[in-house]
Amino acid sequence: MTKVSVMTPRRRWKRQTSLALDSTGMPRQGDVGLFYAGQLKATGGRSPYVYAISTGSPPGLVFNRTGGTLSGVPALVLPASYPIPYTFTVNVTDAAFSTRSENITIVVGGPLTLNTQNLSPNATV
């Protein structure tokens, strides 16, 4: 009897890490009338990822569920006392239905104002 060796491909299992949500790309400050862009980043878990956001984000900003971006121009809210803090929750869910959440606060500063009270009568603005 002859011994036969059979080579079988070796599977390498990639150890799956826990799903994590990184919000360091989401600036915590914005201004009325100026473009704002923020980025969430999911790591670990199983891709693809789907992002979600609760109500309460600044008006004028649009959230992209597949890319995790929040961008746009914060809108003027009247009557208001600026700066205005907006607190909301962001979530990410992976293909294995694991979920991570984080509360984020973005403080929106008011529109640019110019105090002309101390200008001379001949000044131009």
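Reader: Which strand does β4 pair with, and over how many bridges?
Author: Strand β4 (residues 50-53) pairs with β7 in the antiparallel sense, over four bridges. Strands here are DSSP runs of E, at least two residues, numbered from the N terminus, and two strands pair if DSSP finds at least two bridges between them. Alanine 52 stands opposite asparagine 91 in β7. This is a predicted model, where local features need pLDDT of at least 70, side-chain atom pairs count only at pLDDT 80 or more, and totals for chains, interfaces and linings use all residues. Residues are numbered from 1 along each chain as its sequence is written, and side-chain values use heavy atoms, leaving out hydrogens and water.

Reader: OK, and what joins β7 to β8?
Author: 10 bridges, with β7 and strand β8 (residues 99-109) running antiparallel. Valine 90 stands opposite glutamate 102 in β8. The two strands form a hairpin with five residues between them, and phenylalanine 97 in that turn has a positive phi of about 65°.

Reader: Which β7 side chains are buried?
Author: Ile84, Tyr86, Phe88, Val90 and Val92, which point to one face. Buried means under 20% relative accessible area, with a 1.4 Å probe and protein chains only.

Reader: Switching topic: what's the strand order in the open sheet of four strands?
Author: β1-β3-β6-β5, with antiparallel pairing. The edge strands, β1 (20-25) and β5 (61-64), each pair on one side only.

Reader: And how many bridges join β3 to β6?
Author: Four, between residues 36-43 of β3 and residues 69-72 of β6. Alanine 37 stands opposite serine 71 in β6.

Definitions and conventions:
Buried means under 20% relative accessible area, exposed over 50%, partly exposed in between (1.4 Å probe, protein chains only).
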